[in-house]
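Take a look at the structure below.

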Amino acid sequence: MFSLRALALALCVSLATAARLTVSIPASALLPNPATLPPSTHAVLVGPPGVRYDAPIRRDSTFLFPALPAASYLLTLHSRDYAFPPLRIDVSSAPAESPQQQPMHAWQTFRGNEWANKGPSYGAGHGELHVHVQASSPKDFYQSRGGFNLMGFVKSPMILMGIVSAAMIFGMPYVMENMDPETKAEFEEMQSKSPITGSGGAANQIQNFDLAGWMAGKTADTGASAGGGGKKK
Amino acid sequence: MFLPLIAVPLLLAGSALAVFTDEAWNVDYHYALLGHPKQSTSFFHQPNPSSRASLIFTLSEEGVLGAINPRDGAVVWRQVLLPGASAHNASFLRAGEGQDVVISGIGSQVAAWSAGDGRQAWSLDVNGPVEDVEILELVDGKDASGAKDAVALSGGDHPLVQRLDGATGAVKWQHQLGGTDAPYQVSASTTEVFAISLHKTILGYLKLKVTSLDPVTGHKTDEHMLSSENELATAETIVTVGANSASPIIAWTDSAHSVLKVNIMGTKGISSFEIEKHDGQAVERVELHAPYHLNSLSHFLVHYQTATSHWAEVFHVDLKNGKVGKAYSLPKLSGRGAFSTSTSDANVYFTRVTRNEVMTVSSASHGILGRWSVDGFNVAAGEGEEIEPIHAVSDVSVRGDTVSAVRSAVLLSTGDWVLLRDGSPVWDRPEMLASTVSATFASPAEMETLVQQLEAEAHSNPIQAYIHRVSRHLHDLQRLPSFILSLPQKIVQGFLGTSADGGIATDSFGFHQIIACATKDGRLVAVDAGNPDKVLWNQQVADLQPGQIWQPSVSSPRGGVIEISSKASAGVQYNASSGEQLASILPIDLAADQTAQEVKYTMHDGGLEATVDSSTTWHFMPTSGERIVSLVPRPVNDPVASIGKVLGDRRVLYKYLDPNLALLVTANDAARAATFYVLNTVSGAILYSNVHSGVDVSSPIASMLSENWFTYSFTAEALGDSPKGHQLVVGELFESLVANDRGLLSSTANYSSMQTGTEPFTLTKIYQIPEAVSKMAVTRTRQGITSRQLLAVLADSSAVVGIPYGVLDPRRPINRDPSKDEQAEGLVRYSPVIDFDPKWYLNHQREVVGVKDVITSPALLESTSLLFAYGLDIFGTRLSPSFSFDVLGKDFNKFQMLATVAALAVATFVVAPLVMRKQVNSRWQFM
């Protein structure tokens, strides 16, 4: 699956001075069986402007570039299911005495960094190089929606407050029933004094609020209850 | 309160840009296409020799190799062997009997592919164009692997016959075909390999030269010229050079198709047969169908086609005395027919597909073994168009003496590839869409009728309008009973969440838009974006000669109408919903803006020239050595909701909004530089320009301009400290970079690009991206309120990604964390690398191969934009770049809502008496 440009270039370069690069995907914990990769998986080598090679995945999960001229290449593996780290592949000119022995070197490279910034070496060879590239992460395309979760629902503070208040409403009468008379009297005494529920409490005042009187301009006993009445309206 | 409000959509944006699990595969649609299959490269083959299940393999005119499951028509695997291939490219696909590989030959590459999973077994570059590939069926006995070798014939300066090892692709031997003869084909019998080349005589006629080679050593054993006299003027009248049968044959006719000559390869005798004339009509096409197996009977069928009818004759080859004799003929039938050959053991069967029936005969006698009538192919076609089979491949199941079932994959004249099982269509693949060259969205005509009626009411006098309205309402009332009847069902479906999208007429969201695609072979095909499983209509709109190329452009000038125009003809309009051609006399549109003037651009001497009213207003000449790569104007329909950007502290940065902007890209091949200009297309002023060096100008440079921002991407070479790889540049134009200040424009209410020369302030950022972008587009919504997404086509990943603008924003702070105000705006710290998050892949697990262009259209809902990508594959989806804020999506749980309401109601009824009692008690007790 070479592009036409690559073909033209491959033809220009005689086979004698071409380096052979094999890239393989070994089995790893992330990708236990590389044979499951789809056949659209391919490797792209981008060289100097105009030079580009594209190799499809082979039966043994390798990519073969049979004839590379001397240049510095960026190797990218594209697969539907997994992401792979980019590599830098350098093919140097062969020494005059052994034209088949082109020094080749592979490093990891980092996007967004200068090209000279090389990562760990992936191997070196003469005329031939075999590089293993492990999958770096699986691709997860899908976003799942936050569905309805009962535990999460119950845990939310609003619901917890609701449950507590419901317990109070339903539970209090029974607690009161079962109290001994003295404690009960004491409790009632306390409740009658409380500012909210007692006879002079805010709750009662709101309920007994004389709206007509207030609107007629009658001066209220307490300003607070007037404000409350306004809100209620 | 305001700050959280702007922060909310931005926060939501993060989660909304992904493809949701429940929407994937439902909202989006994808046709994984191969292109027009060729007769010679399509066949049924068992990918696993031990199992009887077979797949359909084809190498299409578009250069795509693929395997199709005959059960449902799904693509099992495919490989693009030659991107941008056309019908002119010679291509070959062979499969050896009992082999688990298929061998392809296209361009200058011969490759073997694992038939079951589509991985490459080996590939070989033969120095020159591949002229033919065959599989050597003979068994050496030496080879233990069982892989059958291939023979490849290559052309070019040094024509070669090569024998390739079936397991590794290594060259076993090669034979140079000397001389100046053009290599034509290669063929193999049990004992010999034949290379056929065309020898040009002095008179300009062709002679067939047969070179026999020893299959083991590759040495030449014999060479002879066939005395074809003066019949062969061009190679096109050579009917076949049969391969891989017990007795390979060569057959040719004269240019008038009056006589058929057959030669058994390896012999010098030529049998000659008169072609009978039927009804005095000239035979247009002669095709030969022969089995492809060494051990099958050496029978073959010759198919004759005239303009109105077709018939066939079956011939038998007598191997002992090398004679060819006619056995029987199949009667003439009107219309076109397709014949295909299948084998079962040694027996050969011919299947004939016509527009009315499918029938199978044995090669030995003319008795019909199976016959099934065809009640239509179940594909869309033009008005009054007769659907004809073009070619077919068949798989025959034989039980005893009868054919129990036959499956035929038939290419139809509409461009559909259908499978007929016993005459009834099982699936169809709209392969004509693989050659789409132009496409557009159009709203359905049904939606437009109401608009037209309302307009009619608005423009007539009140009494007439009133009568019109009442009669319209009365007319609408007729639909009431059916509406009421369907109501319960609708409600139930609504609660169960199974409500299917309604038809085009009841589409209230604008999802049902019609997409019209003009294809390379002159057809116009329409698909409904809301119901993409079926092609709406499909008709021939241009009568193209074979090999003729047209460059149509499809557009929708107004709702419900599709206009197609090409260089040769003015626009022809079609009804979007039915495909009916509209009257060629167009009503003059009075509402058109009389004050607007058109500026036209033409490429002139490598430069750009703009003319208004036939007078040139400006020129743009690139500097010497540069050529114009592309010009991308701002879309005509590009609504912008806000003229400013609201900052975190509620101040405003004013956008530089000008409807007449265009992004021009020029490339300098020698200097390897690309220059990008933002032009004002009326005045010709250059508003912004930037040059990048070390650019790979031969790789695609994608660019896009919308609203007040532009973006482009290119592949850059490492220069000095710069990184190597693919880069994406984003620029945004502002009236001024000072908040709350409109710069020079502040005092003017109106402005004209002709008079004032205000220049924008441009902010740009460069990002590194992991792979090349081949095409860019942007989402479009009705009002432009929804934030935009950049759509980028990734050719290497076969994907379309939607990149949120927030990621690209050129105002991302560099080398510092964003301030509180910037955080409120949603800006994050600049990082030089944008990694395409897999969640941005709009196609998710689908692989959208060969996308050439992406078009977008707003839906009626503000939140939603429709997307359609075409090229080889067809892909479409709906996008909500700012979350679906105006429609209840699938995430809205109707059951949960009802349950909550019910629970609250119960709680209210239970608690109300308790509270009442408590209040009463408290008054009585504490008074």
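In strand β3 of chain A, Tyr53(A) is the bridge partner of Leu45(A). This is a predicted model, in which local features need pLDDT of at least 70, side-chain atom pairs count only at pLDDT 80 or more, and totals for chains, interfaces and linings use all residues. Residues are numbered from 1 along each chain as its sequence is written, chains are lettered from A and ligands numbered from 1 in the order in which they are written, and side-chain values use heavy atoms, with hydrogens and water left out.

β2(A) and β3(A) run antiparallel, joined by 5 bridges. Strands count as paired if DSSP finds at least two bridges between them. Helices (H or I, at least four residues) and strands (E, at least two) are DSSP runs, numbered from the N terminus. The two strands form a hairpin with 5 residues between them. In its turn, Gly50(A) has a positive phi of about 90 degrees. β3(A) is mostly covered, with 4 of its 5 residues buried. Buried means under 20% relative accessible area, exposed over 50%, partly exposed in between (1.4 Å probe, protein chains only).

Now turn to the interface. Here 52 residues of chain A are in contact with 65 residues of chain B; contact means heavy atoms within 4.5 Å. The area buried between the chains is about 5,100 Å², and carbon and sulfur atoms give 53% of that. Buried area is the accessible area (1.4 Å probe) that two parts lose on being put together, summed over both. In chain A, Arg59(A), Tyr142(A) and Arg145(A) lose the most area to chain B, together 17% of what that side buries.

The rule finds 4 salt bridges across this interface. A salt bridge is a side-chain nitrogen of Lys or Arg within 4 Å of a carboxyl oxygen of Asp or Glu. Asp140(A) forms a salt bridge with Lys839(B), and their closest N and O atoms are 3.4 Å apart. Several elements give two or more residues to the side of chain A that touches chain B, including β2 (42-46) and β3 (52-56). β5(A) gives the most, with 5 residues.

β12(A) and strand β1 (residues 19-20) of chain B pair in the parallel sense over 2 bridges. Tyr142(A) stands opposite Val19(B) in β1(B).

What about chain B as a whole? Chain B has 7 helices and 60 strands. Its C-alpha atoms fill a box of roughly 125 × 75 × 65 Å, taken along the principal axes. Of the 927 residues in chain B, 51% are buried.
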